[in-house]
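Trainee: Could you show me how to read helix packing and aromatic pairs in a model like this one?

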Amino acid sequence: MDFVRELWAFMKVRKKFWLLPVIVMMAVFGGLVVLSQGSAVAPFIYTIF
């Protein structure tokens with residue numbers, strides 16, 4: 001969690017709040033990739049796209 005705290009401090013000091021949606025979407029898609037690797041949720045994820 002130290003990484004998240006440092007990233008937030010960087011965005012706050014440098015006024016780079018536009019990075020937050022990019023990082024959140026990358027985390028969401030990364031989670032979808034992890035979930036779709038051989039799980040029971042995979043067929044439902046594939047129907048979304």
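Mentor: Happy to; we take the helices, then the rings. This is a predicted model, in which local features need pLDDT of at least 70, side-chain atom pairs count only at pLDDT 80 or more, and totals for chains, interfaces and linings use all residues. Residues are numbered from 1 along each chain as its sequence is written, and side-chain values use heavy atoms, with hydrogens and water left out.

Trainee: At what angle do helix 1 and helix 2 pack?

Mentor: Two packed helices are described by the angle between their axes and the distance between the axes. Here helix 1 (residues 2-14) and helix 2 (residues 19-36) pack at about 150 degrees, with axes 11 Å apart. The two are therefore roughly antiparallel (angles over 145 degrees).

Trainee: Which residues of helix 1 meet helix 2?

Mentor: Leu7, Trp8, Phe10 and Met11 meet Leu19, Leu20 and Ile23 of helix 2, where contact means heavy atoms within 4.5 Å. By class, this contact has seven nonpolar, no polar and no charged residues. Just after helix 1, Lys15 takes a positive phi of about 60 degrees.

Trainee: How many aromatic pairs does the structure hold?

Mentor: A pair of aromatic rings is described by the distance of the centres and the angle of the planes. The structure holds one such pair (ring centres within 6.5 Å).

Trainee: How exposed is Trp8?

Mentor: Trp8 is partly exposed, at 39% relative accessible area, and Phe17, at 40%, is also partly exposed (between buried, under 20%, and exposed, over 50%, with a 1.4 Å probe and protein chains only).

Notes: Axes are lines fitted to C-alpha atoms, for helices over the stretch in contact, and angles run from 0 to 180 degrees between N-to-C directions. Helices (H or I, at least four residues) and strands (E, at least two) are DSSP runs, numbered from the N terminus. Angles under 35 degrees count as roughly parallel, over 145 as roughly antiparallel, 65 to 115 as roughly perpendicular and the rest as oblique. Ala, Val, Leu, Ile, Met, Phe, Trp, Tyr, Cys and Pro count as nonpolar, Asp, Glu, Lys and Arg as charged, and the others, Gly among them, as polar. Rings of Phe, Tyr and Trp (its six-membered ring) pair if their centres lie within 6.5 Å; planes under 30 degrees apart count as stacked, over 60 as edge-to-face and the rest as tilted.
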